[in-house]
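Take a look at both before reading on.

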Amino acid sequence: MTVTLADVAARARVSPATVSRVLNGNYPVAASTRERVLRAVDDLDYVLNGPASSLAAATSDLVGILVNDIADPFFGIMAGAAQTQIGGPGDGSGRAGGEKLAVICNTGGSPERELTYLTLLQRQRAAAVVLTGGAVENPAHQAAMSAKLAKLADAGTRIVFCGRPPLPEGDALVAALAFDNRGGGRRLAEHLISLGHRRIGYVAGPPERTTTRHRLEGHREALRAAGPDAADGGRGSDDQDRLTVHGPYDRRSGYEATLELLRRAPDVTAIVAANDTVALGACAAVRDQGMRIPQDISVAGFDDLPFSVDAVPALTTVRLPLFEAGARAGRLAMGKENPPPGGIATIAAELMIRGSTAAPRG
């Protein structure tokens, strides 16, 4: 049942004219009244009508791209690639054709902000929404996301996940392009084990993120498959939890977590970082402790961000085709490409072996 402006007015105990004034922002309204109206709008999930009733069921020329942090190249590359397919080019005449206006929504990693942006895009009748990066593994948030995305889809919005797995209730999606983070983490650990490393520290991302869990699971799968010596460093019990430190996906976290790992286990011979940015922080911490890379300790990252090859030594990492995935997500959002079978595609990760990893000394 469609929620009307009158429903909002009744819920907020004000007149329909007051609701209209709050939503249009064209007339002063007491702060307490404004708060009551906005709370009613959220409670009822009210969607503003378009400029004309004949357009009420139509989508707009707006496409939302949700990212955790646009300053992070991981998200910036995907968002930029998606925008190449969403925003043009047109016919070169300067006239509007089939292009859409792509708007980047920076959530800062906040689940609440993610839902807020989806609500705002719903009110704007967005033609499509692309959600990038890993998801928060919280049942309440997942349920709220499923409900919100279902409402967007019912209104005609095309929904694409890029770099994240589908939700448990994922019927609203056009497609989910999921990176093989687990496979990439496994292949990276296998590479280090093949070199002779047995005491491997791991600087992980936030524990509540799907990306974090999948990469760490792949890492530990490889250790278990290699036998007890690899799984626990030959100590007789699995101490991988002690060799794992969680933190944000940023350089500072890599630096501080690496110092903590070296304090806990001075005998580690390799450190795997949650991503390449974290790996840069890990490298700085290793050097500040007077050690050399890779002669004294190996360091590896994940994602193959543009700067990884320019690090000294160049960073061994796992390449994710971020630009290609983002461009494909943009095409799917615009209906330029058919969805994959079943709506889900797993995008392969490729191991890139460079100078930051080598056999341990001694």
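Asp241 is exposed, with a relative accessible area of 60%. For the burial words used here, buried is under 20% relative accessible area, exposed is over 50% and partly exposed is in between, with a 1.4 Å probe and protein chains only. The side chain of Asp241 meets that of Arg220 in a salt bridge, at 3.1 Å from N to O. A salt bridge here is a side-chain nitrogen of Lys or Arg within 4 Å of a carboxyl oxygen of Asp or Glu. Asp241 sits in the loop between α9 (228-232) and β7 (244-246), while Arg220 belongs to helix α8, so this pair ties together parts that are 21 residues apart in sequence. Helix and strand labels follow DSSP runs (H or I with at least four residues for helices, E with at least two for strands), numbered from the N terminus.

## What kind of model this is

This is a predicted model, where local features need pLDDT of at least 70, side-chain atom pairs count only at pLDDT 80 or more, and totals for chains, interfaces and linings use all residues. Residues are numbered from 1 along each chain as its sequence is written, and side-chain values use heavy atoms, with hydrogens and water left out.

The pLDDT, which is the predictor's confidence in each residue from 0 to 100, averages 89 over the chain, and 89% of the residues score at least 70. A contact means heavy atoms within 4.5 Å. Where pLDDT is low, the predicted coordinates should not be read in detail.

## The chain overall

The chain has twelve helices and twelve strands. Of its 362 residues, 49% count as buried. Among contacts with a separation of 6 or more, 72% come from residues 24 or more positions apart. The accessible surface is about 16,300 Å², and carbon and sulfur atoms hold 52% of that; these areas come from the Shrake-Rupley method with a 1.4 Å probe, and for residues only the protein chains shown count as cover.

Start with strand β4 (residues 158-162), where four of the five residues are buried. Strand β3 (residues 128-132) runs parallel to β4 and is joined to it by five bridges, with Val130 standing opposite Val160. Two strands count as paired if DSSP finds at least two bridges between them. The chain gets from β3 to β4 through helix α6 (residues 139-154), in a right-handed β-α-β crossover. Right-handed means that, with the strands pointing away from the viewer, the path from the first strand over the helix to the second runs clockwise.

β4 also runs parallel to strand β5 (residues 175-179), with three bridges joining them. Phe161 has Ala176 in β5 as its bridge partner.

Met145 is found in helix α6. Met145 is buried, at a relative accessible area of 2%. Leaving aside neighbours within four places in sequence, the contacts of Met145 are Glu114, Leu115, Leu118, Leu131, Arg164 and Leu167.

## Strand β6, covered on both faces

In strand β6 (residues 200-204), five of the five residues are buried. Ile200, Tyr202 and Ala204 lie on one side, with Gly201 and Val203 on the other. β6 pairs in the parallel sense with strand β8 (residues 270-273) over four bridges, and Ile200 has Ala270 as its bridge partner there. β6 also pairs in the parallel sense with β7, over three bridges, with Val203 opposite Val245.

## More charged pairs

How many salt bridges does the count come to? The count comes to 24. Side chains of opposite charge can pair when their charged atoms come close. Arg123 lies in helix α5 (residues 111-123) and Asp42 in helix α3 (residues 31-44), so the pair ties together parts 81 residues apart in sequence. Arg123 is buried, with a relative accessible area of 18%.

Arg182 and Glu221 form another salt bridge, with the closest N and O atoms 4.0 Å apart. Arg182 is in helix α7 (residues 181-195) and Glu221 in helix α8 (residues 210-225), 39 residues apart. Arg182 is partly exposed at 27% relative accessible area, and Glu221 is partly exposed at 28%.
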